[in-house]
Amino acid sequence: MELLIKNGTVVNADGSYVADVAVRDGNIIMVEQDIRPETMTEVVDASGLLVLPGAIDVHTHFELPFGEISSADDFFSGTRAAACGGVTTVIDFITPERGESLVEAFEKRNAIATPKACIDYGLHMGISEINMAVLDEMEAVVGAGIPSFKVFMTYASRITDEEFTKTLSRAKEVGAVIMVHAEDHEALEALRAEFIVAGKTDAWHHYLSRPEAVEAKAVEKAVSLAVDTGSMLYIVHLACAEGLAAVEIAKKNGYPVYAETCPQYLNFTCDVYKQPDGRNFVCSPPIKGKESQDALWRGIKNGSINTVATDHCPFQTYEKDRGVNDFTKIPNGVMGVENLYPYMLSEANKGSLSFERVVELCSSTPARIFGCASDKGAIAPGFDADIVLYDPSLDFVISQKNMHSTIDYTIWEGTAIKGYPVRTYSRGVLVYKDGEFRGTPGHGRFVRRCL
Ligand code: URP
Ligand code: ZN
Ligand code: ZN
């Protein structure tokens, strides 16, 4: 064995206990008490530390084109930041051009990611047009290790209800999950137009043009289409109470409907858009009011929220500044890949939820929903040695200066975090230690997934 982590508290979704963790060839081979090292084994004393499966952030946008600019982190800086926050797998997106073969779009995106990724990564397939060729090719995409497709109910790439139904049905046939960005296009366009005519163009009106009701209407529609087809549906970045209520009803009736929320919706309220730097918080769906925040926390605690992922899609200050006088010009998206696990674990450390539940939300359930649970999401023999050592006694204050992304600000500036990761291993290789990145581009592998 190359690595032996001794005397830590192993935390999985189903329980915690003190044990040693032995790693050979990048895999966990034993989790037991009193394992003896071999001659060449590196022994790490984890007394007083938690030994966690690495987080799986199933929602990142590295180098995402947005008009003529791109989101700030590429696959190198994005996965570097991820590793430093205890994330050992990300799942990013492929955005095919109209008319482009989905498999070719995958090959192009994968060629960009492979030499840069410092940790393992998967890809979801974006779908922006529905026709026979696209529906046909979905099977080959699943065969290539991508059993997850994302559709939009707004933006230029939105699909109609009829197309949505066809996609859901086809996904069921080929063994895939449909992810949806749910905001009602007509409703938000009408509000936007009204505000622009009235000259109400500050960041607060970004929120007012996409309020709770706009998101709820689309979530309710998406859930009802999934219920009609009996297909697997995953609502990305759920941010409102009424949307969660629709998800809860479908779940109660036994439908495979899943919900993801993001740390920004759990930690902030829409009041941030009234701040002078409100544009820096602009993302879609926008951060909602306190009632929604409370409902999301209830969902985290009672199980109706399945995953927490980040929607990491930051833009530099000067790019956000384009919208200083007009919210419609602000590139949408905020940062979070380095904050996900520390923030959620800090909440556990403060007593809001258990460490096991955080592992479930950020690692084991994402692995199960997205089809990589045979290798990732637990500290157990046979699993990849994607391991985070976490010191619950550390105090950490988030600042742009101690983050590892390329972004020049953070919405998390000044946030106090109780406890922090001290080491991250990706398949047994140390990629982060005590505040410093230790990984290498090209180490990360494409994760072929299967549902
Ligand atoms: O504002 C956001 N969320 N930007 C990233 C793209 C998306 O819609 O998820
Ligand atoms: Zn989205
Ligand atoms: Zn997104």
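# Reading backbone and packing features

Mentor: Asp-311 counts as buried because its relative accessibility is 8%; buried means under 20% relative accessible area, exposed over 50% and partly exposed in between, with a 1.4 Å probe and protein chains only. The model is predicted, so local features need pLDDT of at least 70 and side-chain atom pairs pLDDT 80 or more, while totals for chains, interfaces and linings use all residues. Residues are numbered from 1 along each chain as its sequence is written, chains are lettered from A and ligands numbered from 1 in the order written, and side-chain values use heavy atoms, without hydrogens and water.

Trainee: What is phi of Asp-311 near?

Mentor: Most residues other than glycine have a negative phi. Asp-311 is not a glycine, yet its phi is positive, near 60 degrees. This residue sits in the loop between strand S15 (307-308) and helix H11 (317-320); helices (H or I, at least four residues) and strands (E, at least two) are DSSP runs numbered from the N terminus.

Trainee: Where is Glu-63 found?

Mentor: Glu-63 is in the loop between strand S6 (55-57) and strand S7 (65-66). Its phi is about 40 degrees, again positive in a residue that is not a glycine. Glu-63 counts as buried because its relative accessibility is 18%.

Trainee: Which residues does a cis peptide bond join?

Mentor: Most peptide bonds are trans. Here a cis bond links Ser-284 to Pro-285, with omega about -5 degrees. Pro-285 belongs to the loop between helix H9 (263-267) and helix H10 (290-302).

Trainee: At what angle do helix H7 and helix H8 pack?

Mentor: Two packed helices are described by the angle between their axes and the distance between the axes. For H7 (residues 212-229) and H8 (residues 241-252) these are about 15 degrees and 7 Å. Axes are lines fitted to C-alpha atoms, for helices over the stretch in contact, and angles run from 0 to 180 degrees between N-to-C directions. H7 and H8 are therefore roughly parallel (under 35 degrees; over 145 is roughly antiparallel, 65 to 115 roughly perpendicular, the rest oblique).

Trainee: Which residues of H7 and H8 make the contact?

Mentor: Contact means heavy atoms within 4.5 Å. H7 contributes Glu-212, Ala-216, Val-219, Glu-220, Val-223 and Val-227, and H8 contributes Glu-242, Gly-243, Ala-246, Val-247 and Ala-250.

Trainee: How far apart are the centres of domain 1 and domain 2?

Mentor: The centres, taken over C-alpha atoms, are separated by 27 Å. Their contact takes 40 residues from domain 1 and 47 residues from domain 2. Domain 1 covers 3-52 + 376-437 and domain 2 covers 54-369, with bounds from an automatic or database domain assignment.
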